[in-house]
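Subject: Structure handover

Hello,

Here is the structure I promised you. Please open it first, then read my notes below.

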Amino acid sequence: MHIPNVPYRLESSRAQRLLVLLEELNLEYEIKTYKRDKDALAPESLKNIHPLGKSPAVEIELPGQAPFVLAESGAIFEYLCAHFGKHLIPAEGGEEENGIESEEFRRNRYFMHYAEGSLMSLLLVAAVMLNIKKAPVPFFIKPITRMITSRIDEAFLNPSFETHFEFLEGQLKTSPHGGPYLCGKEVTEADFLMMFAVELCQSWAALTSVKFPKLCGYLDLMKRRESYKAAERRVAEIEGS
């Protein structure tokens, strides 16, 4: 579909899942990538796109309208799917005025918030701990930082991740009509928002197929989609890898 989009992408960030969605929706887009500064933070120049200077952000140009910028992953996904990907939003299947909704619709809405809320909050703490572990500190300080991060891992992060993995494994086991996606037989917008978080869990936490076969199988299923492969190729072209 010829709806020009410009995703503003910060390298090594959550922005890649936006590219997967754009590929899935067959929307035309041009990527503008911003490199992190020496402290691995977003550059100040991103504030020229959005005042908060965060990624992802996407500039959308529609016929007869001035271009506008959307920020926040959830808001971007909701906008794109509401206007160009209604097939990725499950039917409500009930009586809206009486609060009756289909399980697929209810799950989709829940996981759209869960991905950026409960799960991503935990991943951000894990990212901070990883950065502390890798930080160049004097050798006599290193044992102290290791001890602190190890205690946080053991007392908070590891059991918290375990709880989330068990929850998601259970959600996939009870997915409507046998799944294989989080909301049922068909892929939804929530799956594209969730996949990056689950992928990070596999890299940063103890998410293994031995203990959580459904969750790891779900991630493999999402990564086999042509949209995921196409987005990977676009990023590889940009980064020269």
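Does R17 count as buried or exposed, and at what relative accessibility? R17 counts as buried, because its relative accessibility is 2% and the cut-off for buried is under 20%. Please keep in mind that this is a predicted model.

**Overall layout**

The protein has 241 residues, and 46% of them are buried. Its secondary structure comes to 7 helices and 4 strands. Along the sequence the order is β-α-β-β-β-α-α-α-α-α-α. Take the contacts between residues at least 6 apart in sequence: 65% of these join residues at least 24 apart.

**Salt bridges**

There are 9 salt bridges in the structure. Side chains of opposite charge can pair when their charged atoms come close.

R17 forms a salt bridge with E116, and the closest N and O atoms are 2.3 Å apart. This pair links distant parts of the chain. R17 sits in helix α1 (residues 16-24), E116 sits in helix α3 (residues 103-134), and the two are 99 residues apart. E116 counts as partly exposed, because its relative accessibility is 25%.

Next come E24 and R225. Their side chains meet in a salt bridge at 2.6 Å, N to O. E24 lies in helix α1, while R225 lies in the loop between α6 (213-223) and α7 (226-239), so the pair ties together parts that are 201 residues apart in sequence. Both E24 and R225 are buried.

K47 is partly exposed, with a relative accessible area of 41%. E44 is exposed, at 57%.

**The core**

The largest nonpolar core has 61 residues. Those with the most contacts inside this core are L80, F161, F192, M194, L215 and Y218. The elements that give two or more residues to the core are α1, β3 (57-60), α2 (73-84), α3, α4 (142-173), α5 (189-204), α6 and α7. Domain 1 (5-88) and domain 2 (102-225) each supply at least three residues to this core.

Leaving aside neighbours within four places in sequence, F192 is in contact with R17, V20, L21, E24, F77, L88, V187, M222, R225 and S227. That list includes R17, which pairs with E116. It also includes E24 and R225, which pair with each other.

Now look at α6. Which residues of α6 are buried? They are L215, C216, Y218, L219, L221 and M222. The buried residues of α6 pack against α4, α5 and α7. L215 and Y218 of this set are also among the core residues with the most contacts.

**On the surface**

One nonpolar patch is made by I144, M147 and I148, and its area is about 260 Å². I148 is in helix α4. An α-helix has 3.6 residues a turn, so residues three or four places apart point the same way. I148 counts as partly exposed, because its relative accessible area is 44%.

Best wishes

Technical notes: Residues are numbered from 1 along each chain as its sequence is written. This is a predicted model: local features need pLDDT of at least 70, side-chain atom pairs count only at pLDDT 80 or more; totals for chains, interfaces and linings use all residues. Side-chain values use heavy atoms; hydrogens and water are left out. A salt bridge is a side-chain nitrogen of Lys or Arg within 4 Å of a carboxyl oxygen of Asp or Glu. Buried means under 20% relative accessible area, exposed over 50%, partly exposed in between (1.4 Å probe, protein chains only). A nonpolar core is a set of buried Ala, Val, Leu, Ile, Met, Phe, Trp, Tyr and Cys residues joined through side-chain atoms within 4.5 Å. Domain bounds come from an automatic or database domain assignment. Contact means heavy atoms within 4.5 Å. Patches are made of residues with over 30% relative accessible area and no salt bridge: like charges are joined within 9 Å, nonpolar side chains (Val, Leu, Ile, Met, Phe, Trp, Tyr) within 5 Å. Accessible areas come from the Shrake-Rupley method with a 1.4 Å probe; for residues, only the protein chains shown count as cover.
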